[in-house]
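Let me put the structure up, and then we'll walk through the iron sites and a couple of other spots.

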Amino acid sequence: MKRFVVFVSALALAALGVAGALAARGGYFSAGEVDARPSSATPELVARGDYLAKVGGCVSCHTQAGQPLMSGGVGITTPYGVVWPGNLTPDATTGLGAWSLADFRRALRHGQSRDGRLLSPAFPYAATTLLPDADVQALWAWLGTLPATARPAPAATLSWPTNERWALAIWRGLYFTPGELAPVPGQSAEWQRGALLVRGVAHCSACHDSRNALGAAREPGSLDGQLMPGGGWLAPSLLQADQAGVQAWRTEDIVALLREGQSPQGRANGPMAEVVHANTRHLTLADAQAMATYLRALPVQPDAAPQAPMKTPAPATPASSASQDGSAAIAVPGARLYARHCAECHGDQGQGVPGVYPPLAGNRLVTMSRHNNLVRSVMEGGFALPTAAEPRPYGMPPFGPLLSDPELAELLSWMRTAWGHQAAPVSTVDINRLRGDLQR
Ligand code: HEC
Ligand code: HEC
Ligand code: HEC
């Protein structure tokens, strides 16, 4: 069904006469290039490539658990079928053994394979196109040091390959502009470095940019938030204080979020926890600080839905005096569920335990106007990242299997109006829909 929609949209675009826009844009590289690997590669260059490959998720996407490093990753589902992050080891037939640096640069900068095939944007080349040439060379040098592993990627299960190729060409003509990131005059050197990391190798936009019906960023690099494909998690807006904006955070708190997945102001959950675990925890302090500088300087947008007091209070809205009067609290179903399942860790007042259990009172995940991430977090539970200080972090069990849809609705609606919160309730239907996404 989705495929049909994309196909029809592609047709509509063709009818609009944009087919001309697909004039091939790739393939500009200087002839006679010397490969940087492995003989001419310095240890520093290789180490830099290793670092970028971790921070940029090349490693996490192109490696499957239990298989050799970079020998090919887990398939990624797109509207057209499954595409496979291929084998990037120097194997001559199934990897990049026969590639030149120029071929590699073309893949990163223009999203084209060695044979000219247009690559699926599941490979975030809208971000890798911004990489400075020195970084491309470093990645290439590092890849050249890996053991060659013969491991073919499974054939892509694209249902309508010709149409995909055709639609992709149009899509790219409209939405993909190759090229390095130009420095912005008037900004500090640290900001420029942060911009390059956030927009380039760290590809934050891959999830955080809002997209149009054809899956293209409305305004590349805007980080204005979107519902992630699959419909469950919201990648919140980095421009809004009630979502993921960090403009008012201290630099060290942003650094802690990126490198450890938690900070006094908030923590990474779901897909963001995976990003921290796989990629950003490898950031050097200086790079994480540069990214924080860039994120703090992002424009601030007003809250999407100001948390105005509700006109008709939901029946489950407790008196905020519930906390002073334990017996009254227990009379409210949501409060009763909280006391029974949550209070032992998160505290009677949702105050949490510093460094152990996050506070829920005053937590923007709890009050965000779009409640997707709250529901998913409570359904899925989770573990914080192990750190030197806390090698065995505290976890939270998944409550999805334990609580029914009406119970979760009661509980979360109560939490969204307890402790001075004024957020809209969550309905049983919402929970049911998100539970469906979870099981998919
Ligand atoms: C989010 C997952 C993801 C990340 C992160 C990612 N890739 Fe990929 N990559 C893919 C997918 C999927 C493909 C296959 C696209 C296709 O076949 O159309 C791919 C293809 C490629 C190709 C082309 C291979 C070929 O045979 O044509 C190269 C080269 C590549 N990636 C390098 C990198 C490098 C270097 C990085 C890190 C800077 C990186 N990728 C990060 C998913 C990813
Ligand atoms: C794979 C998708 C994905 C990528 C890539 C990604 N994010 Fe996120 N991010 C999310 C989701 C989903 C959430 C919401 C869950 C949560 O609150 O942690 C989130 C939340 C956040 C938050 C709010 C955390 C809080 O405590 O309120 C910040 C800040 C953030 N992301 C920054 C970034 C930055 C910077 C990058 C690039 C390094 C990035 N994200 C890359 C998906 C992603
Ligand atoms: C055994 C202790 C424990 C119990 C019981 C528990 N939690 Fe948690 N909770 C945690 C821990 C630990 C985390 C942090 C997990 C992580 O970092 O992934 C957490 C995280 C959360 C978060 C995400 C907070 C954030 O800022 O990202 C929410 C929301 C939450 N819990 C709600 C609840 C609710 C609602 C209940 C009751 C149904 C509950 N928890 C029961 C330990 C617990």
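Predicted model: local features only at pLDDT ≥ 70, side-chain atom pairs only at ≥ 80, totals over all residues.

The iron atom of ligand 3 is coordinated by His346 through NE2 and Met396 through SD, at 2.0 Å. The site of that iron is octahedral, with angles of 87 to 180° among its six donor atoms.

Okay, the surroundings of ligand 3. There are 23 residues around this ligand, and the closest are Arg267, Cys342, Cys345, His346 and Met396. By class, that shell has 16 nonpolar residues, six polar and one charged. On the polar side, Asn269 places a polar side-chain atom 2.8 Å from an oxygen atom of ligand 3. Asn363 does likewise, with a polar side-chain atom 2.8 Å from an oxygen atom of the ligand. If you want to know which elements build the shell, those giving two or more residues are α15 (343-346), α17 (372-380), β7 (382-383), β8 (395-396) and α18 (405-415).

Next, ligand 2. Which residues are the protein donors of the iron atom of ligand 2? They are His208, through NE2, and Met272, through SD, lying 2.0 to 2.2 Å from the iron. The site is octahedral here, with angles of 87 to 179° among the six donor atoms. This pair links distant parts of the chain: His208 is in helix α9, residues 205-208, and Met272 is in helix α11, 64 residues apart. His208 counts as buried at 12% relative accessibility, while Met272 is partly exposed at 27%.

On to ligand 1. How many donors from the protein does the iron atom of ligand 1 have? A single one: His62, through NE2, 2.1 Å away. So who is His62? His62 lies in helix α3, residues 58-62, and it's buried, with a relative accessible area of 14%. The His62 side chain reaches the backbone oxygen of Gly86 at 2.9 Å. If you skip the neighbours within four places in sequence, His62 is in contact with Met70, Ser71, Gly72, Gly73, Pro85, Gly86 and Leu88.

Zooming out to the shell of ligand 1, we have 23 residues, and the closest are Cys58, Cys61, His62, Ser113 and Ser120. They divide into 15 nonpolar, seven polar and one charged. Helices α3 and α4 (101-110) each supply at least two residues of this shell. For polar contacts, a polar side-chain atom of Arg117 lies 3.2 Å from an oxygen atom of ligand 1. Ser120 uses a polar backbone atom instead, 2.7 Å from an oxygen atom of the ligand.

Just after α10, Gly261 takes a positive phi of about 80°.

The other stop is Asp348, in the loop between α15 and α16 (364-367). Asp348 is exposed, with a relative accessible area of 59%. Which residues does Asp348 touch, leaving aside neighbours within four places in sequence? Tyr338, Ala343 and Trp419. Tyr338 is ten residues from Asp348 in sequence, and the C-alpha to C-alpha distance is 8.6 Å.

Terms used:
Residues numbered from 1 in each chain as written. Chains lettered and ligands numbered in written order. Heavy atoms only, no water. Helix = DSSP H or I, 4+ residues; strand = E, 2+ residues; numbered from the N terminus. Buried < 20%, exposed > 50% of the residue type's maximum accessible area, 1.4 Å probe, protein only. Polar contact = N/O pair within 3.5 Å; in protein donor to acceptor, adjacent residues only side chain to side chain. Contact = heavy atoms within 4.5 Å. Near = heavy atom within 4 Å. Nonpolar A, V, L, I, M, F, W, Y, C, P; charged D, E, K, R; others polar. Donors = N, O, S within 2.8 Å, 3.2 Å for Na, K, Ca; no water. Tetrahedral: all angles 85-135°; square planar, octahedral: opposite > 155°, others 65-115°.
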